[in-house]
Amino acid sequence: MYFNLLCLIHRLLLHLDRTWRNDMSKSGQIRHLFKTAGLLLRSYSDGRWRVIPHDVLPDWLKDNDFLLHGHRPPMPSFRACFRSIFRIHTETGNIWTHLLGCLFFLCLGIVYMFRPNMSFVAPFQEKIVIGAFFLGAILCLSFSWLFHTVYCHSEGVSRVFSKLDYSGIAFLIMGSFVPWLYYSFYCSPQPCFIYLIVVCVLGITAIIVSQCDFFSTPQYRGVRAGVFVGLGLSGVVPTLHFMITEGFLRATTMGQMGWLFLMAVLYITGACLYAARIPERFFPGKCDIWFHSHQLFHILVVAGAFVHFHGVSNLQEFRYTAGGGCAEEGGA
Ligand SMILES: [Zn+2]
């Protein structure tokens, strides 16, 4: 395979350059170079790539130094990257958790959109607001599995797709706010629009920030988690508004706050595991393939999105049962 050979030469040149530049002794440098060359030769032998350890990865592929082995080598071929979905390596779990999650929300979204119009008070409007959630979830999960699939292609491709991946999280958060605000402030359209505009401005700001190259570097892992948790937590203001105007009891029953709280716990737990790299931090090399922080974070994102959908569909059912009227709630 030509790309394998090109890859190998490229990798050796990179290592040669890096090895000469660092502070190792001459014999240490030569030993390191031979070790790297040997590992890379083995990783591409038989025209079939093999997983490689973390210490011989190029800098742009070095994201988590607690995952010691099982990494894909750089593979500048989209075909090879997509075929690697069916191989076992550090990204296998990351790809499949969001690929299956994406298919799940796609099917759920199609089924929901084809629900009979008589199950809604305002079918067209409600299908658009709930559709915004499905669109956000599907974009987030598809950008994510695509990023994890082509992450090892090349530095440029990895950078472009990592920006799409981060933008996807902002789309999921913005999309999640739409039906929740619509049903929670059903009888008060003014605060509903204000909160919607605020979350869109914050979401677009997060997307703009995530286009900066520094944002995807390992040093900014905590900042990334903070930006998206902060964006999600902007929902605290409308939640308090709802609780003050409707009362705690109505907020937990009619407002589905219990489900929203569970969703927040799932997302925040995921973000903390991601930022702190738990559990691999405590067991370096033991979670290389399964159960490392990024996979757990992915599972918690899918679970959080599903819990949000469940809360929103309960809100929709409540509104349908109430008949869409606002008079008994004292406002219009
Ligand atoms: Zn991911």
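Colleague: Why is F291 called partly exposed?

Modeller: A residue is buried if 20 or more other C-beta atoms, placed from the backbone, lie within 10 Å of its own, exposed if 12 or fewer, and partly exposed in between. F291 has 14 C-beta neighbours inside 10 Å, so it counts as partly exposed. Please note that this is a predicted model, in which local features need pLDDT of at least 70, side-chain atom pairs count only at pLDDT 80 or more, and totals for chains, interfaces and linings use all residues. Residues are numbered from 1 along each chain as its sequence is written.

Colleague: What makes R277 count as buried or exposed?

Modeller: Its count does. R277 has 21 other C-beta atoms within 10 Å, so R277 is buried. Over the protein chain, buried residues make up 38% of the 332 residues.

Colleague: How do you know how helix 11 and helix 12 are oriented to each other?

Modeller: Two packed helices are described by the angle between their axes and the distance between the axes. Helix 11 (residues 257-276) and helix 12 (residues 293-322) pack at about 165°, with axes 8 Å apart. Therefore helix 11 is roughly antiparallel to helix 12. Axes are lines fitted to C-alpha atoms, for helices over the stretch in contact, and angles run from 0 to 180 degrees between N-to-C directions. Angles under 35 degrees count as roughly parallel, over 145 as roughly antiparallel, 65 to 115 as roughly perpendicular and the rest as oblique. The contact divides into 14 nonpolar, 9 polar and no charged residues (Ala, Val, Leu, Ile, Met, Phe, Trp, Tyr, Cys and Pro count as nonpolar, Asp, Glu, Lys and Arg as charged, and the others, Gly among them, as polar).

Colleague: Why are helix 8 and helix 11 described by an orientation term as well, and which one?

Modeller: Helix 8 and helix 11 pack at about 170°, with their axes 9 Å apart. They are therefore roughly antiparallel to each other. Among the residues making the contact are F228 and V229 of helix 8 and A271 and Y274 of helix 11. By class, that contact has 9 nonpolar, 2 polar and 1 charged residues.

Colleague: How do you know whether F228 is buried or exposed?

Modeller: F228, in helix 8 (residues 221-233), has 21 other C-beta atoms within 10 Å, so F228 is buried. Leaving aside neighbours within four places in sequence, F228 is in contact (C-beta atoms, placed from the backbone, within 7 Å) with I169, I173, A206 and A271. F228 and A271 are 43 residues apart along the chain, and their C-alpha atoms are separated by 8.4 Å.

Colleague: What makes the annotated binding site residues one spot?

Modeller: The unreviewed UniProt entry places a "binding site" annotation on H148, H294 and H298. They span 151 residues in sequence, yet no two of their C-alpha atoms are more than 11.3 Å apart, so they gather at one spot. UniProt positions are given in the numbering used here, feature names are shortened, and annotations may be inferred rather than shown by experiment.

Colleague: Why are H294 and H298 called buried?

Modeller: H294 has 22 other C-beta atoms within 10 Å and is therefore buried. H298 has 23 C-beta neighbours inside 10 Å, so H298 counts as buried. Leaving aside neighbours within four places in sequence, H294 is in contact with N94 and Y274, and H298 with N94, T97 and H98.

Conventions
Helices (H or I, at least four residues) and strands (E, at least two) are DSSP runs, numbered from the N terminus. Two residues are in contact if their C-beta atoms, placed from the backbone, lie within 7 Å.
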